Structures are given as C-alpha cells and as structure tokens.
Amino acid sequence: MNKSFSEHRVAIIIFIISCILSASCSKKKTMDSVEINVSVLPMMHSENVSSLISDSGITRYRLIAKIWDIYNPNDGLYWYFPKGFYVEKFDSLFNVEGSIKSDTAYYYERKSLWRLIGNVKVINLQQEKFETEELFWDENTQKIYSDKNIKIEQAKRIIFGTGFESNQSMTEYDIFRINGYMHLDENQQTSDSLTTQ
C-alpha cells in the first residue's frame, strides 16, 4: 500500500491551507470561491493489494488488485477496482479450486452487488471456463447473471450464447440464447466445425 488514507488527508489539508493563504493575500479572492467536492475522493486508497480471506477460521480466498479504492457518496459506500481484480478460491490443502478476474470491478455495499466489467473470466469448481464482457453477482439472491455474450468451455464442448443466469458457484446455469457450440476432441483440441442453432 503506497498511499494511505492519512497521506490523502494531509494533501487535502495542505491544499485547503494554500487556498486560505492565497485568499488572504488578495482582496479579490474569497473563501466562497474555493470549492472542493470531497464526494469524488476515495475515503481509502490501496495499491498492490494481495489479501487472504478466511471463512470460519480457514483461509479460503486470495484477492489481488493493483488499485482498490473505497468511496462513500450519499447513495451508499462502494468499492472500485479500476485496474483489475482477481480472486482465487482454495480447498483445504490450498489448491486453487476456482478463480474469477476482470479488467474492472465494483462492489456496491448497500445492494450487496458485484459488477465485473471487461475480459471477465471465471473458472468454477468443475473447471468449466466462462468468458464474458460483463457479469453481476447479487449476494442477496445468490445469483450470477449477465445479458452479454458468453463463452463456456466444458470438458467436451464450448458453448456460445447471449445472456445467462447461474447459482453463485456457477455450477448450475441457464443460457438465455445459445448461438452455437464447438465440440472438443479427446485431447482437448478444438475441432474445426461450429454448429449453430
């Protein structure tokens, strides 16, 4: 963590003091002309985050992010990961069971809702691979969903579709519109044929 919340607070205080001093040196400037919109500043800024998360006292997850900002505007606190977000899930022997990553991520605390944007890639517990451009995870309903194009690589085929909904472990899912699929041979090499429906 290179920049802490206290460093940001010191920078803001120095800025305010310099505005006050410059205003007091000139009769043309008043404090009314100094406006700072604190709602656009994060209340916490962290860089190069690598955090282990436990569940019932057992380490189950690792979160990695280049930048993690927390904002607290009037409409509710949210987390923002502007330069990537990666989470992996461990089994009891610390083997990686699944993972999720995206170019950008948001977490809205009031709604208990995650929004992942850009090159979203998920590997579920069955080692199926999901790729889409946007994905939502509603913790209240325990559903994951998207209305964007989706590619799902299973053991024997790849499915292409538009829109889907699944349980939060992404082991049971419905694709709203299947656009086609591609069979894989026994050596996991992609075949040349694409079947559409």
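## Hairpins and strand pairing

In this predicted model, the hairpin of strand 1 and strand 2 has two residues between the strands, and Ser56 there takes a positive phi near 55°. Strands are DSSP runs of E with at least two residues, helices are runs of H or I with at least four residues, and both are numbered from the N terminus. Met44 has Ile70 as its bridge partner in strand 2.

Ile70 also has a bridge partner in strand 3, namely Trp79. Strand 2 (residues 58-71) and strand 3 (residues 78-81) are antiparallel and are joined by three bridges. Six residues lie between the strands of this hairpin, where Gly76 takes a positive phi near 125°. Strand 3 pairs in turn with strand 6 (residues 104-108), in the antiparallel sense and over four bridges. Trp79 has Tyr107 as its bridge partner in strand 6.

## Overall composition

Of its 197 residues, 34% count as buried, where buried means under 20% relative accessible area, exposed means over 50%, and partly exposed lies in between (1.4 Å probe, protein chains only). The protein exposes about 12,900 Å², of which carbon and sulfur atoms supply 51%; these areas come from the Shrake-Rupley method with a 1.4 Å probe, and for residues only the protein chains shown count as cover.

Residues are numbered from 1 along each chain as its sequence is written. Local features need pLDDT of at least 70 and side-chain atom pairs count only at pLDDT 80 or more, while totals for chains, interfaces and linings use all residues, and side-chain values use heavy atoms, with hydrogens and water left out.

## Salt bridges

Side chains of opposite charge can pair when their charged atoms come close. A salt bridge is a side-chain nitrogen of Lys or Arg within 4 Å of a carboxyl oxygen of Asp or Glu, and by this rule the count comes to four. Glu88 forms one with Arg62, the closest N and O atoms being 2.7 Å apart. Because Glu88 lies in strand 4 (residues 85-90) and Arg62 in strand 2, the pair ties together parts that are 26 residues apart in sequence. Glu88 is buried at 9% relative accessibility, whereas Arg62 is partly exposed at 27%.

Glu134 and Arg115 also form a salt bridge, with their closest N and O atoms 2.7 Å apart. This pair links distant parts of the chain, with Glu134 in strand 8 and Arg115 in strand 7, 19 residues apart. Arg115, Glu134 and Lys148 are linked in a network of salt bridges.

Asp138 lies in strand 8 (residues 129-138). Asp138 is buried yet has no salt bridge, and the nearest side chain of opposite charge, Lys111, is 9.4 Å away; Lys and Arg count as positive and Asp and Glu as negative, while His and the chain ends are not counted. The side chain of Asp138 does reach the backbone nitrogen of Thr141 at 3.3 Å.

Val122 is found in strand 7 (residues 113-123) and is buried, with a relative accessible area of 7%. Val122 and Met170 are 48 residues apart in sequence, but their C-alpha atoms are 8.8 Å apart in space. The residues in contact with Val122 (heavy atoms within 4.5 Å) include Ile100, Phe130 and Met170.

Conventions. A polar contact is a pair of N or O atoms within 3.5 Å; within protein, one must be able to donate a hydrogen and the other to accept it, and residues adjacent in sequence count only if both atoms are side-chain atoms. Two strands pair if DSSP finds at least two bridges between them. Lists of a residue's contacts leave out its neighbours within four places in sequence.
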